[in-house]
Amino acid sequence: MGWEQFGQKISKTGKEVSEKVKETSEVVRLRQKKASEEAQLEEVFAEIGRYYFENHEGEIAEDLIPCFEKVTEIQASIEETKAAIDGIRKTKTCPVCGASMEADSVFCSRCGAKM
């Protein structure tokens with residue numbers, strides 16, 4: 001193989017590598033776009049579920065009752081966990097804005113709500 005053929009082969013290989021890099025970059029970009037859109041979709045589904053849960057308590061489809069019960073259980077557990085954290089830190093949490101403050105506070109330092 002002569003130098004000219006060798007140079008052509010290197011040039012061809014370089015172009016092929018360049019095309020593969022472009023393809024790979026485009027696939028990565030599209031995968032990131034897809035993942036972002038899927039995350040947005042999950043957020044919207046969560047908003048729909050939250051809205052339904054908060055606004056249709058008395059009209060729950062029977063097959064959703066276990067889901068509603070699970071949400072209620074988890075919410076109660078979260079509140080218990082917050083109370084445990086407040087107990088350890090000797091603080092309390094504002095029921096209006098969720099701010100943490102000293103246990104003997106009379107008003108919330110963030111929103112001004114009476115405790």
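**Group meeting talk: aromatic pairs, a lysine and a serine**

Hi everyone, let's start with the rings: Tyr52, Phe53 and Phe68 form one aromatic cluster. Before going on, please keep in mind that this is a predicted model, where local features need pLDDT of at least 70, side-chain atom pairs count only at pLDDT 80 or more, and totals for chains, interfaces and linings use all residues. Residues are numbered from 1 along each chain as its sequence is written, and side-chain values use heavy atoms, with hydrogens and water left out.

How many aromatic pairs does a search of the whole structure find? The search gives three. By pair I mean rings of Phe, Tyr and Trp (its six-membered ring) with centres within 6.5 Å; planes under 30 degrees apart count as stacked, over 60 as edge-to-face and the rest as tilted.

One of these pairs is Trp3 with Phe6, edge-to-face, at 6.0 Å centre to centre and 85° between the planes. Both residues sit in helix H1 (residues 3–55), three residues apart, about one turn of the helix. Helices here are DSSP runs of H or I with at least four residues, strands are runs of E with at least two, and both are numbered from the N terminus. Trp3 counts as exposed at 74% relative accessibility, while Phe6 is partly exposed at 40%. For those words, buried means under 20% relative accessible area, exposed over 50%, and partly exposed in between, using a 1.4 Å probe and protein chains only.

Now back to the cluster. The ring centres of Tyr52 and Phe68 are 5.9 Å apart and their planes are at 80°, so this pair is edge-to-face. Tyr52 belongs to helix H1 and Phe68 to helix H2, so the pair ties together parts 16 residues apart in sequence. Tyr52 is partly exposed at 27%, and Phe68 is buried at 10%.

Next, please find Lys90, in the loop between helix H2 (65–89) and strand E1 (91–93). Its phi is near 60°, a positive value in a residue other than glycine. Lys90 is exposed, with 59% relative accessibility.

Last stop: Ser105, in the segment after strand E2 (100–102). Is Ser105 buried or exposed? Ser105 is buried, at a relative accessible area of 18%.
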